[in-house]
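Please read them with the coordinates open.

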Amino acid sequence: SFVLFKPKDIVSGDFYWIHEKNNVVFYATGDCTGHGVPGGFMTMLGLSFLDEIVEVKGIKTPSEILNMMRDKIVSTLKQHGNFGESKDGMDITVCCFDKTKKELQYASANNALYIIKAQQEGHGQELLIYKADKQPCGFYHAYKPFTNNVIKLDEGDCIYTFSDGFPDQFGGPNAKKYMHRQFKEVLLQNCHLNFAEQKNLLNASFENWRGKQDQVDDVLVIGVLV
């Protein structure tokens, strides 16, 4: 696996979390409202809630984890949808990978998940996009329970989760956004390399694009090889 983590400020609103038990790996890729100190405060809440829900209470289903996270955020920040109160929350993907079954369960608030399938004879690499629920993990005017998704994986498949900081970075010759299209191309071009090289090439692509522009947001990309 690799983690490319580039906070915009000293403290970050993006965060990652991992917990492993009985050959099952739980991990989260989070992007809180804001960056710097406000984002850092939400990060601390997110990490402590995940510890409590998964490690202490033993909740194993990603959708249940997100439903409980949302309830805790709404009650802790006293969010009722009234004018002027906190609208803070997070976009977050929670994954549960069973190493024995080679099965991935995930639930996600707003951020998609990519899987690049292992190359099979006669076929090129294929990047599959797995959608998220279009709602944050936090107060939302019409929220519904999060969806639990189950994916059977093969050896050699690569799973990528990420915040929006990488594709949203301005740069290049015309000071435009990097965009998801270019992000997918870089992943596909380099998915055959080992993960240390993938991480370095992703970072180089980001920095070359950014050039002299300021970094606009925290950046987080996590890659996991089955």
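1. The hairpin of strand 4 and strand 5 has four residues between its strands, and K102 there takes a positive phi near 55°. Strands, like helices, are DSSP runs numbered from the N terminus (helices H or I, at least four residues; strands E, at least two). Strand 4 covers residues 89-98 and runs antiparallel to strand 5, with seven bridges joining them. E103 in strand 5 is the bridge partner of D98.

2. This is a predicted model, in which local features need pLDDT of at least 70 and side-chain atom pairs count only at pLDDT 80 or more, while totals for chains, interfaces and linings use all residues. Residues are numbered from 1 along each chain as its sequence is written, and side-chain values use heavy atoms, with hydrogens and water left out.

3. Strand 5 (residues 103-109) also pairs with strand 9 (residues 149-152), in the antiparallel sense and over four bridges. Pairing of two strands requires that DSSP finds at least two bridges between them. Y106 has N149 in strand 9 as its bridge partner.

4. How many residues of strand 5 are buried? Seven of its seven residues are, so the strand is mostly covered; buried means under 20% relative accessible area, exposed over 50%, and partly exposed in between (1.4 Å probe, protein chains only). In a regular strand the side chains alternate between the two faces of the sheet. Here E103, Q105, A107 and A109 point one way, L104, Y106 and S108 point the other way, and all are buried.

5. N22 is not a glycine, yet has a positive phi of about 50°; N22 sits in the loop between strand 2 (14-21) and strand 3 (24-32). N22 is exposed, at a relative accessible area of 69%. A175, also a residue other than glycine, has a positive phi near 50° and belongs to the loop between strand 11 (170-171) and strand 12 (176-177). A175 is partly exposed, its relative accessible area being 35%.

6. Helix 1 (residues 36-56) packs with helix 2 (residues 62-76) at an angle of about 130°, the axes being 10 Å apart. Helix 1 is therefore oblique to helix 2; angles under 35 degrees count as roughly parallel, over 145 as roughly antiparallel, 65 to 115 as roughly perpendicular, and the rest as oblique. Axes are lines fitted to C-alpha atoms, for helices over the stretch in contact, and angles run from 0 to 180 degrees between N-to-C directions.

7. From helix 1, M42, L45, G46, F49, L50, E52, I53 and V54 meet I65, M68, M69, K72, I73 and T76 of helix 2, contact meaning heavy atoms within 4.5 Å. The residues of this contact divide into 10 nonpolar, two polar and two charged. In this scheme Ala, Val, Leu, Ile, Met, Phe, Trp, Tyr, Cys and Pro count as nonpolar, Asp, Glu, Lys and Arg as charged, and the others, Gly among them, as polar.

8. L45 belongs to helix 1 and counts as buried at 12% relative accessibility. Leaving aside neighbours within four places in sequence, L45 is in contact with T76 and L77.

9. Five strands make up an open sheet in the order 1-13-10-6-7, with antiparallel pairing. Strand 1 (2-6) and strand 7 (127-130) stand at the edges with a single partner strand each, so one side of each has no neighbour in the sheet. The twist averages 15° from one strand to the next. Within the sheet, strand 6 (residues 113-116) and strand 10 (residues 158-162) are joined over three bridges, and I115 stands opposite I159 in strand 10.

10. Helix 3 (residues 179-190) packs on the sheet, where it touches strand 6, strand 7, strand 10 and strand 13 (219-225), and its direction makes about 30° with that of strand 6. Helix 4 (residues 195-210) lies across strand 1, strand 10 and strand 13, at about 25° to strand 1.

11. Which residues of helix 3 meet helix 4? Q182, F183, V186, L187 and N190 do, and their counterparts in helix 4 are Q198, L201, L202, S205 and W209. The axes of helix 3 and helix 4 come within 10 Å and cross at roughly 145°.
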